[in-house]
Amino acid sequence: MTNLIRTSSTLGADIRALRKSRGLTLQQMAVHLGRSVGWLSQVERDMSEPSISDLRQIGACLDVPMSMLFAHSAAPVEEQGHVVRAGARRPMGSGDEGLIEELLSPDLTDDFEMVHSTFRPHSKMQTPANRPTQEVGYIISGKLDLVISGQAFTVGPGDSFRIKHEPYQWANPYDEPAVAVWVIAPPVY
């Protein structure tokens with residue numbers, strides 16, 4: 001296993017948390033992956049390390065980018081599960097729509113996750129989302145236009161907002177990036 005792959009001490013827990021947040025049983029996910037329940041159970045308990053191909057399939061099954069299953073740098077043992085350094089955040093998504101997201105939570109084993117989001121200038125969410133989550137966002141800098149359940153808002157530094165299992169869409173038509181911190185429950189990444 002290369003040093004690009006996250007330490008297995010949290011990989012299994014993250015996979016389990018993501019599987020459960022999507023309402024999948026071990027059996028359902030194993031069938032989707034073409035693997036045995038025993039193999040998947042061992043991966044979730046960090047007793048077996050999945051290959052790169054396995055990680056690609058797991059990411060697709062859980063609808064997360066494979067990058068979520070990798071790390072930029074391993075945290076010192078005493079910090080694992082407690083501290084995420086600014087330079088060691090896990091990236092999420094491709095950034096194609098102009099959104100760059102990084103996981104602030106040490107892993108996905110809590111009832112929620114924290115995400116750092118940067119919305120590039122003149123970017124827009126192409127397709128509205130409606131996730132089975134409750135999300136609270138806090139704008140650190142810049143401005144962001146939101147449409148939540150058909151209602152339009154513009155939020156700026158110091159403003160916060162909530163999305164509670166509602167359709168929403170964002171846009172940053174402005175000349176500066178918008179930076180926000182989100183808390184999402186249950187974890188979706």
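**The largest pocket and its setting**

Author: The accessible surface of the chain comes to about 9,700 Å², and carbon and sulfur atoms account for 53% of that area (Shrake-Rupley method, 1.4 Å probe; for residues, only the protein chains shown count as cover). The model is a predicted one, in which local features need pLDDT of at least 70 and side-chain atom pairs count only at pLDDT 80 or more, while totals for chains, interfaces and linings use all residues. Residues are numbered from 1 along each chain as its sequence is written, and side-chain values use heavy atoms, with hydrogens and water left out.

Four helices and 10 strands make up its secondary structure (DSSP runs numbered from the N terminus: helices are H or I, at least four residues; strands are E, at least two). Of the 189 residues, 41% count as buried (under 20% relative accessible area; exposed is over 50%, partly exposed in between; 1.4 Å probe, protein chains only). Where contacts in the chain join residues at least 6 apart in sequence, 63% of them join residues at least 24 apart (contact: heavy atoms within 4.5 Å).

The largest pocket has a volume of about 660 Å³ (the space filled by probe spheres set on grid points joined across faces, edges and corners). Its lining is formed by 30 residues (a pocket is an open set of points on a 1 Å grid over the protein atoms alone where a 1.4 Å probe fits, with protein on both sides within 12 Å along at least five of seven lines; lining residues have an atom within 4 Å of a point). Nearest the centre of this pocket lie Glu101, Met125, Arg131, Tyr168 and Tyr189. Three strands, β2 (99-103), β9 (168-172) and β10 (178-185), each supply at least two residues of the lining. By residue class, the lining holds 17 nonpolar, six polar and seven charged residues (Ala, Val, Leu, Ile, Met, Phe, Trp, Tyr, Cys and Pro are nonpolar; Asp, Glu, Lys and Arg are charged; the others, Gly among them, are polar).

Ser117 belongs to strand β3, residues 113-119. With a relative accessible area of 0%, Ser117 is buried. The side chains of Ser117 and Glu101 are joined by a polar contact of 3.3 Å (a pair of N or O atoms within 3.5 Å; within protein, one must be able to donate a hydrogen and the other to accept it, and residues adjacent in sequence count only if both atoms are side-chain atoms). A further polar contact, of 3.2 Å, runs from the side chain of Ser117 to that of Trp182. Leaving aside residues up to four places away in sequence, Ser117 touches Leu99, Ile100, Glu101, Ala178, Val179, Ala180 and Trp182.

After β10, which supplies at least two residues of the lining, comes the segment that holds Pro186. A cis peptide bond links Ala185 to Pro186, with omega at about -10°. Between β8 (160-164) and β9 lies the loop that contains His165. His165 is not a glycine, yet its phi is positive, at about 45°. The relative accessible area of His165 is 47%, which makes this residue partly exposed.

In helix α3 (residues 37-44), the buried residues are Trp39, Leu40, Ser41, Val43 and Glu44. Ser41 has 17% relative accessibility and so counts as buried. The C-alpha atoms of Ser41 and Gln27 are 9.7 Å apart, although 14 residues separate the two along the chain.

Asp46 follows α3 and is located in the loop between α3 and α4 (52-62). Its phi is near 60°, a positive value in a residue other than glycine. Asp46 is partly exposed at 29% relative accessibility. Met47 is in the loop between α3 and α4 as well, and at 55% relative accessibility Met47 counts as exposed. From Met47 to Gly12, 35 residues away along the chain, the C-alpha separation is 8.5 Å.

Finally, His82 occupies the loop between α4 and β1 (90-92). His82 is exposed, at 63% relative accessible area. His82 and Asp107 lie 25 residues apart in sequence, with 8.9 Å between their C-alpha atoms.
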